[in-house]
Amino acid sequence: MIARLIPHPGLSAFLVLTWVLLTNSVSLNTLVLALLLGLAIPVLTASYWPDRPRLRSPVRLLCYIGLVVWDVIVANFQVARIILFMPHDQIRSAWITVPIDLPSPEALAMLAGTITLTPGTLTADVSADRKALLIHCLHAPDPDATRDDIKQRYEARLQRIFA
Amino acid sequence: MSLALEILVSAALVVGGIFGLIGSFGLLKLRGAMQRLHAPTKATTVGVGCTLIASALTGLAATQAASWHEVLVTAFLFLTAPLTALYLAKTHMLTTPPGELPPTGTPRDWSNRDAPG
């Protein structure tokens, strides 16, 4: 019964939190509306989440978000340096293929987003069988090292987060 | 607003402005659509981030209550920035000659080129 009323407890909690942040106040009014939204939206959108992956470890997810935020800040300085100080003929742009072993589309989407936000790399496409990502590097003197870095730093962590 | 807070807000605004400028300058300087895509997706994230920090600090000083809108803006920015870049990259791929892209290493081609069915 509870499982049918609240098919997606994580999403419900997230929606309640988002609504409270949007209205910027914690009063009975906002909480009631937040709860209504948090209960209604997961039920209405349940058909869009056919095989949603289980979050194995929320703590690891928070650590991952922290790591990505830190990497984004570092990436900004690296890209700024390349833009400002590197002559055109020294910028080695490259396309690389990264083979991916992630079971769920949600984890894959998260990896693609992470790659776009972090140092000098940008996700351009995914192979039709979802087994490889096409990535463009702004400056990659050693494309193999970039590929291994993505696999070890992000993919391995995502594999542990999503069961 | 105390002097220290004013200095902090000003510093955040100046740093944010510089990063926004660098991102726009990158659009001019880099060559080719794919290289140009790197500048605004990355160099501007810290720019927007610093502006949001300044906004949050000003709000904190003015109303004595934390404003959480900046947290939401950050979250939505992180969700949407990669998507815009992905759409632009995929559109650009339609005009790239096939030999320029590396092979997938799997039986299927990149989803942009893979024949349906």
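Chain A is divided into domain 1 (2-48) and domain 2 (58-161), with bounds that come from an automatic or database domain assignment, and the C-alpha centres of these two domains of chain A lie 32 Å apart. This is a predicted model, in which local features need pLDDT of at least 70 and side-chain atom pairs count only at pLDDT 80 or more, whereas totals for chains, interfaces and linings use all residues. Residues are numbered from 1 along each chain as its sequence is written, while chains are lettered from A and ligands numbered from 1 in the order in which they are written.

**The sheet of chain A**
- Three strands of chain A form an open sheet in the order 1-3-2 with antiparallel pairing, where two strands pair if DSSP finds at least two bridges between them, and where strands (E, at least two residues) and helices (H or I, at least four) are DSSP runs numbered from the N terminus.
- Strand 1 (94-99) and strand 2 of chain A stand at the edges and have a single partner strand each, so one side of each is left without a neighbour in the sheet.
- Neighbouring strands of this sheet are turned by 30 degrees against each other on average, direction ignored, with axes taken as lines fitted to C-alpha atoms, for helices over the stretch in contact, and angles running from 0 to 180 degrees between N-to-C directions.
- Strand 2 and strand 3 of chain A run antiparallel and are joined by five bridges, and Thr123(A) stands opposite Ile135(A) in strand 3 of chain A.

**Helices across the sheet**
- Helix 5 of chain A lies across strand 2 and strand 3 of chain A, at about 145 degrees to strand 2 of chain A.
- Helix 3 of chain B also lies across strand 2 and strand 3 of chain A, running at about 60 degrees to strand 2 of chain A.

**The contact between the chains**
- The contact takes 36 residues from chain A and 43 residues from chain B, where two residues are in contact if their C-beta atoms, placed from the backbone, lie within 7 Å.
- Helix 1 (3-29), helix 2 (33-63) and helix 3 (69-93) of chain B each supply at least two residues of the side of chain B that touches chain A, and helix 3 of chain B gives the most, with eleven residues.

- Not counting residues up to four places away in sequence, Ile135(A) touches residues including Ile96(A), Val98(A), Ile115(A) and Thr123(A).
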